[in-house]
Amino acid sequence: MKRMGMIFRAKANKALDRAEDPRETLDYSYQKQLELLQKVRRGVADVATSRKRLELQLNQLQGQTSKLEDQGRKALALGREDLAREALSRRAALQQQVTDLETQHTTLQGEEEKLTLAAQRLQAKVDAFRTKKETIKATYTAAQAQTRIGEAFSGISEEMGDVGLAIQRAEDKTQQLQARAGAIDELLASGALDDPTGTAKDDLTAELDRISGGTDVELELQRMKAELAGGSSPQQAIEGGPQDAAQQQSQSPHKFDKN
């Protein structure tokens, strides 16, 4: 079971490594950092809002304490010491609230400063990561393109390998067809195979055709000479042989002289 689990994990890791694109991983990490930065900024805004709310409450309480102090002085001036004492008692209670709110305000202000500083540092890290991310992506893309070009030139890429195999198969089939065609021509020429169309000829037939064609040429040549010399027909010149034709050609100038 341990061995099967190890094999499964190894194959799964290999499959994931094949499917993983570093550029996509970097973009995902950058997106997560942006989300974290957004949360920190939202936290700073919440703390600042709470601090502002405390400041408003402090202003209200300080206004009330000042008002009670004035009322106590007026009551004491009028001889109403009981009213003055009550006003001062209320003022003391409000003053305690003011003190508590001031303590909370100081705490919130400190937290706000810490979060603001953390947000600034995180922003700097995110900017640096974005620059490094784009540099790594550009380098990876260039290396990937260079690798593909090298594989294409060397013929070891999958696409070029398929093309090379197709070309090799085409060349093999072409050579096979050429060899088969040459063998059939040789067999037809030797008479080992019969040509049902009658277009193929053996060596003897080809030689006879060549001689017949040569005779036709000679006949035409003698005919033209006979026409020029005013002598016998081409057929008689051929039957009389080369000597008669030569004798007739030698006598023809005397004939022209007599005329």
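**Entry 1: Glu-35 and its partner**

I looked up Glu-35 and found a relative accessibility of 36%, so Glu-35 counts as partly exposed. I am working from a predicted model. Next I checked what the side chain of Glu-35 meets. The partner is Lys-32, in a salt bridge of 3.7 Å, N to O. Lys-32 also counts as partly exposed, at 40% relative accessibility. Both residues belong to helix 2, and they are 3 residues apart, about one turn of the helix. I noted the general rule: an α-helix has 3.6 residues a turn, so residues three or four places apart point the same way.

**Entry 2: helix 2 end to end**

How many residues does helix 2 have? I read 56. From first C-alpha to last, helix 2 reaches 82 Å, close to the 82 Å expected at 1.5 Å a residue. I then looked at what follows the helix. Gly-79 comes after helix 2, and its phi is positive, near 85°.

I turned to helix 3 and picked Glu-81 and Arg-85, which lie in it 4 residues apart, about one turn of the helix. Their side chains meet in a salt bridge of 3.0 Å, N to O. Glu-81 is partly exposed, with a relative accessible area of 48%. Arg-85 is partly exposed too, with a relative accessible area of 48%. I also looked up the total for the structure: 14 salt bridges.

**Entry 3: the aromatic pair**

I searched the whole structure for aromatic pairs and got 1. Tyr-30 and Phe-129 make up the pair, and they are stacked. Their rings are 6.4 Å apart, centre to centre, with 15° between the planes. Which parts of the chain does the pair link? Tyr-30 sits in helix 2 (residues 22-77) and Phe-129 in helix 3 (residues 81-154), 99 residues apart, so I wrote them down as distant parts of the chain.

Are these two residues buried or exposed? Tyr-30 has 17% relative accessibility, which means it counts as buried. Phe-129 has 21%, so it counts as partly exposed. The cut-off for buried is under 20%.

**Entry 4: Lys-133 over the ring**

I stayed with Tyr-30. The charged end of Lys-133 sits over its ring, 5.0 Å from the centre. I checked Lys-133 next: it is buried, with a relative accessible area of 5%. Lys-133 also forms a salt bridge with Glu-134, the closest N and O atoms being 2.6 Å apart. Glu-134 is partly exposed, with a relative accessible area of 39%. I followed the shared partners from there. Salt bridges join Asp-27, Lys-133, Glu-134 and Lys-137 into one network.

**Entry 5: the nonpolar cores**

Which residues form the largest nonpolar core here? I listed 7: Leu-54, Leu-58, Leu-61, Leu-68, Leu-94, Val-98 and Leu-101. Helix 2 and helix 3 are the elements that give two or more residues to this core. The largest share, 4 residues, comes from helix 2.

I went back to one member of the largest core, Leu-54. Not counting residues up to four places away in sequence, Leu-54 touches Leu-101, Gln-104, His-105 and Leu-108.

Terms used:
Residues are numbered from 1 along each chain as its sequence is written. This is a predicted model: local features need pLDDT of at least 70, side-chain atom pairs count only at pLDDT 80 or more; totals for chains, interfaces and linings use all residues. Side-chain values use heavy atoms; hydrogens and water are left out. Rings of Phe, Tyr and Trp (its six-membered ring) pair if their centres lie within 6.5 Å; planes under 30 degrees apart count as stacked, over 60 as edge-to-face and the rest as tilted. Buried means under 20% relative accessible area, exposed over 50%, partly exposed in between (1.4 Å probe, protein chains only). A charge sits over a ring if NZ of Lys or CZ of Arg is within 6 Å of the ring centre and within 35 degrees of the ring normal. A nonpolar core is a set of buried Ala, Val, Leu, Ile, Met, Phe, Trp, Tyr and Cys residues joined through side-chain atoms within 4.5 Å. Contact means heavy atoms within 4.5 Å. The expected span of a helix is 1.5 Å times one less than its number of residues. A salt bridge is a side-chain nitrogen of Lys or Arg within 4 Å of a carboxyl oxygen of Asp or Glu.
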